[in-house]
Number of protein chains: 4
Amino acid sequence: MIISSEAWVDRQLAMKKNIYMGGELVGRDHPLIVPGRNVIAMTYDMAQDEKYKGIITTQSHIDGSEINRWCNLHQSVEDLLAKQKSTRCGIHNCGFCMQRCMGNDGLNALYVVTKELDEKYGTDYHDRAKAFAAYFQRNDITSALAQTDVKGDRSKRPGAQDDPDQYVRVVKKTKEGIIVRGAKVHITMGPYADEIIVLPTRVMTEAEKDYAVAFAVQADTEGVYLINRASAPRARKKFEAPMNNYGSSDAVTIFDDVLVPWERVFMCGEYQEAGRLALLFANYHRHAYCGCKPGVTDVIMGFTQLVARYSGIEKAQHIRQETADLIAVAELVYAAGIASSVQATRSSSGVMIPNPIYSNVGRRLAGENIYHEHNILVAVAGGLPATLPFEEDFISEKTAPFLEKYLKRKKGVSSQDIHRCFRSISDLTCSAWGGVWQIAGVHGGGSPIMETIAILSNYNIDQKVDIAKFLAGIKQNDKMEDELFYGEKSDLKMFKDHLKIFNSSQSVSQ
Amino acid sequence: MIISSEAWVDRQLAMKKNIYMGGELVGRDHPLIVPGRNVIAMTYDMAQDEKYKGIITTQSHIDGSEINRWCNLHQSVEDLLAKQKSTRCGIHNCGFCMQRCMGNDGLNALYVVTKELDEKYGTDYHDRAKAFAAYFQRNDITSALAQTDVKGDRSKRPGAQDDPDQYVRVVKKTKEGIIVRGAKVHITMGPYADEIIVLPTRVMTEAEKDYAVAFAVQADTEGVYLINRASAPRARKKFEAPMNNYGSSDAVTIFDDVLVPWERVFMCGEYQEAGRLALLFANYHRHAYCGCKPGVTDVIMGFTQLVARYSGIEKAQHIRQETADLIAVAELVYAAGIASSVQATRSSSGVMIPNPIYSNVGRRLAGENIYHEHNILVAVAGGLPATLPFEEDFISEKTAPFLEKYLKRKKGVSSQDIHRCFRSISDLTCSAWGGVWQIAGVHGGGSPIMETIAILSNYNIDQKVDIAKFLAGIKQNDKMEDELFYGEKSDLKMFKDHLKIFNSSQSVSQ
Amino acid sequence: MIISSEAWVDRQLAMKKNIYMGGELVGRDHPLIVPGRNVIAMTYDMAQDEKYKGIITTQSHIDGSEINRWCNLHQSVEDLLAKQKSTRCGIHNCGFCMQRCMGNDGLNALYVVTKELDEKYGTDYHDRAKAFAAYFQRNDITSALAQTDVKGDRSKRPGAQDDPDQYVRVVKKTKEGIIVRGAKVHITMGPYADEIIVLPTRVMTEAEKDYAVAFAVQADTEGVYLINRASAPRARKKFEAPMNNYGSSDAVTIFDDVLVPWERVFMCGEYQEAGRLALLFANYHRHAYCGCKPGVTDVIMGFTQLVARYSGIEKAQHIRQETADLIAVAELVYAAGIASSVQATRSSSGVMIPNPIYSNVGRRLAGENIYHEHNILVAVAGGLPATLPFEEDFISEKTAPFLEKYLKRKKGVSSQDIHRCFRSISDLTCSAWGGVWQIAGVHGGGSPIMETIAILSNYNIDQKVDIAKFLAGIKQNDKMEDELFYGEKSDLKMFKDHLKIFNSSQSVSQ
Amino acid sequence: MIISSEAWVDRQLAMKKNIYMGGELVGRDHPLIVPGRNVIAMTYDMAQDEKYKGIITTQSHIDGSEINRWCNLHQSVEDLLAKQKSTRCGIHNCGFCMQRCMGNDGLNALYVVTKELDEKYGTDYHDRAKAFAAYFQRNDITSALAQTDVKGDRSKRPGAQDDPDQYVRVVKKTKEGIIVRGAKVHITMGPYADEIIVLPTRVMTEAEKDYAVAFAVQADTEGVYLINRASAPRARKKFEAPMNNYGSSDAVTIFDDVLVPWERVFMCGEYQEAGRLALLFANYHRHAYCGCKPGVTDVIMGFTQLVARYSGIEKAQHIRQETADLIAVAELVYAAGIASSVQATRSSSGVMIPNPIYSNVGRRLAGENIYHEHNILVAVAGGLPATLPFEEDFISEKTAPFLEKYLKRKKGVSSQDIHRCFRSISDLTCSAWGGVWQIAGVHGGGSPIMETIAILSNYNIDQKVDIAKFLAGIKQNDKMEDELFYGEKSDLKMFKDHLKIFNSSQSVSQ
């Protein structure tokens, strides 16, 4: 089912107060929270919009109803491709992170891993996950995703911390459910989510089985506290701009002995699979980045080109070179997402898993380039985003005429449009909010060093060594040589299987 | 039809002598030419090899017979994906450029553009192209591709040169055909090709219609002279290695008033389409690079990892980082090829055209990184590739024992394997042949600056400007805003069309 | 003379109100202006501090009295080296741009060029400059420097703008002085300067002689309006930090028919030398950057290393690599300044001119790296600078205990120190003020593209071409070959002359 | 004393045969060795040339006679600056590494460390070093420097290898001297050196005291075998070029139980100082690189600009940008050398030691950029360096007219000059010899990763942490705060001391 943004906001406003910000307990209607909430409301509006039909919406594989794509469990390569596109479109409409992907990534990861847990341990997690997914789709749920623990001393494992609560853990099991304690950081959209899905942050050992826990709670559950930092472009007095309606929140999320009922527990003690779940979520989220980050670059590219045109320098060779650099980052990351989608595999749960090499090389390239992209925008825009007088001076009778006289560029472009252009660039490059998006560009979904690890642990580097040995005339194990060519071949076979998936998926998704 | 490598070599040896090298007229059996010829022979052998069935081979859409993929006219997205794979496999077997893609890229470009010419001008070029394609497939032809003119003074157009022959041109038309004059440079595999396909190198004006000419000639046609430079890894005395059997040739190709019969003329005066043909070939060839260059990186990566393992340093963090850098280049370029394939469009001739944005961002990334990749290999290998004693000193009774004693690394790896490893790396990084492949990595298929131009001329940058204006609250032309969202939507539609293509193509290719 | 910071602030407070900010006319005691003013006050305090004797202070070459180094006219290589050091020390104390260098750079440029004007045109500008310099030193003046015009349509020259006021110009000459009109942008510290020195922004033609104007006015002169944007790290409630006492202001500076008395006019119509003056100031300022930017990098490096140590990851190889990258940027830029100082030349006025190749390659490297440096700091610090709860939540009874419990890193480091560390990094990387310093890092003193131009116009590239021709056996003009070796030799001679300068300067500066 | 190149070559030819190459025992007149020998002969010729007086020559501080600068023991900052210049000039004359610096760097390192050893251990090494230095200067000696051991298994220390000879060691001490065994690799100019200075390659432990050995032997000493690899640009048949007269040799140097007389032993068992000696030599050699590498870049830059001018594209913005990149690398590295020289310290032996931070950041930048520089040259030159026909084809009657007709660029430049230009670029970028200089650019004098280590171990990073703590309001150890400012101050003091050194050194060196 898809619901209206109004219905969703009403649901938000009915929630209990458990957000702390600036030293106070605040409601979900706090002015600093509204801009972030507007982003999620936008995702509900887009689903109502005819032009996004089939992009933002799809059909539930559970009950066949129309659902928001960010509630979907990916059934096909096409679903993965459409998810990339939906994310990119979302960013085009709000200017930066559209946030809602996280809960979807967590839902898919839970769906896959609960099935695997059941197969391995004879548990019944997957039924819970299916029920949760049905509830999720039926109610058009928005969920935050809480993964990163506070971690304490980074040189010690979770189980070796002085304070055992530095990673979220089960402190007690009761008939009703489990009691969890700990804190998760960087929880984007926590203050305007319906639910919070909680996943382990890393591989765990047997001694750390209390940390191998995954669950979902309503965001206003007793004992959950959201200590929030909100960000948004500077509010406008007169020169309103769509981008400035939006913002974000990131909350330190405290679990102060929270009771989670059993039907919401999706892993509890199966430490052997904690890493699998952690990394599978990361893989979904990095695939999401391969749709998201190109959208972010589109925005940077759009403003770079706009200010270049206003200044009449868009044909200068260095501007052209830098524009091509931006296009290359956007489209290489997007291409990595396409390759990751096209080479996806189907999990035992039926849900598709994007190819992790491609999702990771894509996310890594994005993370390596975000500061460079800001540098390009700033290099083309010049110093004005840093020294632009405050908005009131463009309104005041005394100063506005001076600024209108002197804030000129190419003939035919009004001083007001130039002003708007630079003010938005100033928001992007020279504000706390702009800083948040630089940092998120590096760390969101895992920083480049995390992708390096993921790439190396997934890549068949032995095959490349075999190629080198073959070419150099170094004798090698015959078995490996066979694998080399088998590998080559099976890869294409895998693709042909995908063709069948494409085919079969059409009946579902069209 | 697919023929044996022996049959092909016999055909080569039957050709007339028209190759000049080192000041002499030489035959196609010259020892410096054989290594390059071996690469092409390998492409015939691969087609006979069961394990490459469906990768190196496919079915002709003309007569349904089994053909070498490098004779194929791409009928489907899958064909394009398989072409990428076939090229990467070829490089795994010879260590660098497998060369035969060029003729195929030219053939496809001719097939598409002749159809367009006929539609526009009522000519009959496409029938000629079809006949040529049928001959090509029936005889398992290997063709060189001659595009780059010598160009004279680069600040002047073709028609403004002091010497009108600085670009290949039609000097006369006769009943039998056209007489052409000029020279093309960097003609890889000219000396061991059956045919040479000749294309214009750039956009032409009406005054330059004599330069708007495309044709194919047998490589030993009267008046064609190949002034050749051959390259190969240093020949081995004792420590033979498969890679060292292979090499390449690049010929300055002179057309000294060559008669081309009309049935081999595919463009003659249609200057408006000269640029279309030039760029379409480039697009096919850049798509080819998205399969080729990952193979080259695989080889570099394989040797980097091999020497790191032999030295026992493969787990050092900087080696891991650099290995991930190499993987990222390989797979981002390959992903760009996949995206270019998946987002291909079908031309009026029925032949698929890869998406030019993705083929160009892929090729560009490859070209920007080749020197960096060599740098990584060298940084990991240390100085020995530059200072390794000559091979004879590893054979001589006096010096071999010293070198065996002192050329050691990790326990369990023989001095001989270490020697082989470094000798091959020395061939790759410290030989004239290695230099050729650095330079080809930059310029082959068009240097990064050419891809920058292609990207900018194909990309919908206006859409990005519209996004910026929308976000900044700058009023814009309503029509453009509509296009923005229409564009978004149609893109997915295009993909759905591809799904049908996938589907329909299966009956052809399986 | 050196005066106390209190005396200087009193002088500031006595000035007339001509600053507009946020739509209002404000005084020099406005809370948003005070942080920037504090930076300049700091430069007065440092001069009083025994430990900076000889670094921040020196002796006037005019009257032998002790002066602040930022009032000095550089008499020796040692003066230039000490200026680099003084700037780096200043930044260590306030955390970023210490601002006062600009006026000094302008003063030196005026001193040199007025002498050259007099020699060429028989004018008496240099006497005015000398009188101004004496006043400057006697009163321990702080001056802003106004160079960048608003420029209007960038594709048109100053004289071809629709509105002739897009570059500051002389609109009238009277007996008392000149009347000037126009606006300068990015005028750092305008709102807390005693004086504003105004220079042309570029080369001018004869038709543009009204734009070839240089002068100095008191910052509160009739007709001067400062439309200001102020920046500072976020004010602290409890966790006070020295860096947060400081800030900056950048003003759009309007000259609304301002009368400049003749004794304050230093160029008026000598269009041939407008470029000389513009570029000479740029050269002084880029030399200043070679002391300043290493200080900025020191701060980034210090926080990078601090947060790495707090997290216990400072020995990780990638952290070490990135730390070395930061050191390399800092010290290469500083080394460029040293080389620029050591290879300075003495102008006809006696004032030393830093070598422009070295000042420009140094500034260029700095400008190319500032975003990369922020990226390193952020990569090491993780996401917390973007998601750190507001300061009040670290004070509030309800939330502070949670944050103290969960904001832990290495044993032995208090939660409070960790909090302080991240809060300061958040100020640096995730605030409007942090954005200002990224942008200033690119554009302040001229962006990398301006240094590229300056390098190419000053470098003896012909000598390198001659070396290539010589090595390739290409015959060259004998005269050029002679120059090659003469050039080589004279360079060392120049250095030997510097030794004498070192020597002779000791009596002055010690 | 300075001797003629003829006298030196005669001395070479009188040496015993101990060079193995290509499986044979060869003399010092072998045609593959001559090109390298010519480089050293050039250094003797330059010393005779009036125009290099005071650059290539200086006065001995031992006997006051005129000596070649590459025999000098640096007495002053000026000496260090002149050494940089001399190296850059040398490269301008031969096109690449002028090789003779190594022996000089080793001599200076021995001179300093022997003095320190005597002070610490009461030994008499310094007298031996002084006698050796006097002999060195008196006979205008050319010495190779052998440092890099073969190292065996890199994961094990010298003393833990299966074969104890993987690092050069003392196997026996006799009355006459020590017997040494082992092998050193990458020994440039071994086959045309008078002497070989041997130094330890790293820090040693007490158990490894037999490896803590330094000595000098004549290059043809009994038991020394040079297994050589020689490199040179391709020999020319007709189009001779000065660069092609030069080349280099790198020898695996075997010490097969060689007797070294005591007066030639400079360290024997003082394991505590093995690292000091190893790193001090590295420091001298990296300072040398700060003169050398700019010369190499000058050559690359010269050819880049030459081919751009011949093609008429030198004003294209990307060519200008890339030219500025080359200038920046050359001059930043040179500036690092200047700063390293200016901030040198005087050792207890009186010999100056360049500042290691600056020598290392300079060498590191050079090593990071060499492949990028080749990339620039190749990007500007296009593909022709890889596909240029062999020289004979430019001579042959049949093909030369074609090549002359078609190898044209800008009007006014002869086909022959274009040919020469591309042939030399082909030698630089597309030959085994070019590969040697790429690899040497990375590894010669220590690869960037070695400089990273040296920088981190020498840099006062604690001071930067203190600055961060101060700015963030984190309480710090008072002592450290004092040091911070003391450090700042003493640094300038050090510079002032240098001024005195400049002064006092003039009497010695002029």
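**Note on the predicted model: domains, chain pairing and a helix pair**

1. Over residues 274-472 of chain A, the chain is 76% helix and 2% strand. The end C-alpha atoms of that span are 42 Å apart. The model is a predicted one. UniProt, in an unreviewed entry, places "domain: HpaB/PvcC/4-BUDH C-terminal" at these residues of chain A.

2. Next, chains A and B. Chain B superposes on chain A by a rotation of 180 degrees, with 0.0 Å of shift along the axis and an RMSD of 0.0 Å. The two copies are thus related as by a two-fold rotation axis. Within chain B, Ala335(B) has the C-alpha nearest that axis, 2.8 Å from it.

3. How many residues of chain B are in contact with chain A? The count is 68, and they meet 68 residues of chain A. Several helices of chain B each supply at least two residues to this side, among them α3 (77-94), α6 (274-311), α8 (356-381) and α15 (478-509). The largest share comes from α7(B), with 13 residues. By class, the side of chain B that touches chain A divides into 42 nonpolar, 12 polar and 14 charged residues.

4. Do the copies meet through the same surface or different ones? Of the interface residues of chain B, 100% are also interface residues in chain A, so the surface is the same.

5. Finally, a helix pair in chain C. Two packed helices are described by the angle between their axes and the distance between the axes. Helix α4 (residues 101-121) of chain C and helix α5 (residues 125-138) of chain C have axes that come within 7 Å and cross at roughly 160 degrees. Angles over 145 degrees count as roughly antiparallel, and α4(C) and α5(C) are therefore roughly antiparallel to each other. Their crossing is left-handed.

6. Which residues make the contact of α4(C) with α5(C)? From α4(C) come Leu107(C), Leu110(C), Tyr111(C), Thr114(C), Lys115(C), Leu117(C) and Asp118(C). From α5(C) come Tyr125(C), His126(C), Arg128(C), Ala129(C), Ala133(C) and Phe136(C). By class, this contact has eight nonpolar, two polar and three charged residues.

Note on methods: Residues numbered from 1 in each chain as written. Chains lettered and ligands numbered in written order. Predicted model: local features only at pLDDT ≥ 70, side-chain atom pairs only at ≥ 80, totals over all residues. UniProt positions renumbered as here; feature names shortened; annotations may be inferred. Helix = DSSP H or I, 4+ residues; strand = E, 2+ residues; numbered from the N terminus. Axes fitted to C-alpha atoms, helices over the stretch in contact; angles between N-to-C directions. Parallel < 35°, antiparallel > 145°, perpendicular 65-115°, else oblique. Left-handed = near helix turned anticlockwise from the far one by under 90°. Contact = placed C-beta atoms within 7 Å. Nonpolar A, V, L, I, M, F, W, Y, C, P; charged D, E, K, R; others polar. Least-squares fit on C-alpha atoms with pLDDT ≥ 70 in both.
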